[in-house]
Amino acid sequence: GYGQGFRAPSLNELFFPNFGNPNLAAEKSETFEIGADQVLFDDKINWSGTLFRTNYEDLIQIVRISPTASEPRNVGQSRVDGVELELELKPMKPWTLTGSYTHLEAKERPSGEELLRLPKNTIGFSVGLEPDKKWEARLEGLLVSSREEQVATNRRMKTKGYLKLDLQGQYRFAPWIKSYFRIENLTNRKYAEVLGFPANDFTASVGVTIER
């Protein structure tokens, strides 16, 4: 596969008070990828693998401009090389097991510095239970490795990796109505996707969806 793309800067990146940079240009990217997928044993095993390379121009990154201030800037050329692997197992009804792994090598060019906030390794997994058409439940997990961050005086440090678990399910009372629940951060883990911005604690929600 081959593709080209761009991302315009967000309103926050352009105009957020004491942070935005109205001179930002749009990111431009070019991606090459090759992959394969296969179904085995009457759909009991599905796997796929993809290798990819994305070249960026004018990538938007947060840059420290003084000991107390940062702003988004276009950092010139960057490259992200990666591999993605996925596996789905259906050992017996009503269970479905899935797993995925992504490895990234993301660097600025020509300096070779790691791009900020991109984890080198990410593992996802889930355990699904669907006894019949009426109800289903799924436990999902996400394991993310540490990421590079830039702090005061242009010193770099790493944001800690984390493991996050979520639980969700639904029950369909009729073809047009179902109830659902979702629990995020099931183990109430303390973590941050971005340094200095803690993620939400244990959060639960329930509701009803009407489809007509």
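The protein chain has a radius of gyration of 21 Å, whereas a compact globule of 212 residues would have one near 17 Å; this radius is taken over C-alpha atoms, and the globule rule is 2.2 Å times the number of residues to the power 0.38. The model is a predicted one, in which local features need pLDDT of at least 70 and side-chain atom pairs count only at pLDDT 80 or more, while totals for chains, interfaces and linings use all residues. Residues are numbered from 1 along each chain as its sequence is written, and side-chain values use heavy atoms, with hydrogens and water left out.

## The chain as a whole

Taken along the principal axes, the box filled by the C-alpha atoms of the protein chain is roughly 60 × 35 × 35 Å. The chain holds one helix and 16 strands, where helices (H or I, at least four residues) and strands (E, at least two) are DSSP runs numbered from the N terminus. Of the 212 residues, 25% are buried; here buried means under 20% relative accessible area, exposed means over 50%, and partly exposed lies in between, with a 1.4 Å probe and protein chains only.

The accessible surface of the protein chain is about 13700 Å², and carbon and sulfur atoms account for 57% of this surface; such areas come from the Shrake-Rupley method with a 1.4 Å probe, and for residues only the protein chains shown count as cover. Contacts, which means heavy atoms within 4.5 Å, can also be sorted by distance along the sequence: among those between residues at least 6 apart, 49% join residues at least 24 apart. As for charge, the mean positions of the 28 positive and 29 negative charges lie 4 Å apart. In that count Lys and Arg are positive and Asp and Glu negative, with His and the chain ends not counted, and the place of a charge is NZ of Lys, CZ of Arg, CG of Asp or CD of Glu.

## The nonpolar core and its surroundings

In soluble globular proteins, nonpolar side chains tend to be buried together. In this chain the largest nonpolar core consists of six residues, namely Phe 52, Leu 59, Val 80, Leu 104, Ala 106 and Leu 115; a core of this kind is a set of buried Ala, Val, Leu, Ile, Met, Phe, Trp, Tyr and Cys residues joined through side-chain atoms within 4.5 Å. When residues up to four places away in sequence are not counted, Leu 115 touches several residues, among them Leu 59, Val 80 and Ala 106, and also Gln 61.

Gln 61 itself is placed in strand β4 (residues 60-66) and is buried, with a relative accessible area of 12%. Beyond its neighbours within four places in sequence, the contacts of Gln 61 include Glu 71, Pro 72, Leu 115 and Leu 116. Arg 138, by contrast, lies 77 residues from Gln 61 in sequence and 35 Å from it in space, C-alpha to C-alpha.

Glu 13 belongs to helix α1 (residues 11-15), and Pro 9 lies in the loop between β1 (2-7) and α1. With neighbours within four places in sequence left aside, Glu 13 is in contact with residues including Leu 24, Ile 60 and Pro 72, while the contacts of Pro 9 include Leu 14, Leu 24 and Ile 60. The C-alpha atoms of Pro 9 and Arg 73 are separated by 9.9 Å, although these residues are 64 residues apart along the chain. In strand β1, Gly 3 touches Ser 29, Glu 30 and Thr 31, again not counting residues up to four places away.

| Residue | Relative accessible area | Class |
|---|---|---|
| Glu 13 | 15% | buried |
| Pro 9 | 17% | buried |
| Ser 70 | 17% | buried |
| Gly 3 | 26% | partly exposed |

## Backbone details in the loops

A cis peptide bond, with omega of about 10 degrees, joins Lys 93 and Pro 94, and Pro 94 lies in the loop between β6 (77-89) and β7 (95-109). Asp 42, which is not a glycine, has a positive phi near 55 degrees; it sits in the loop between β2 (27-40) and β3 (45-57) and is exposed, with a relative accessible area of 78%. Asn 188 likewise has a positive phi of about 55 degrees without being a glycine, but Asn 188 is partly exposed at 35% and is found in the loop between β13 (177-184) and β14 (192-194).
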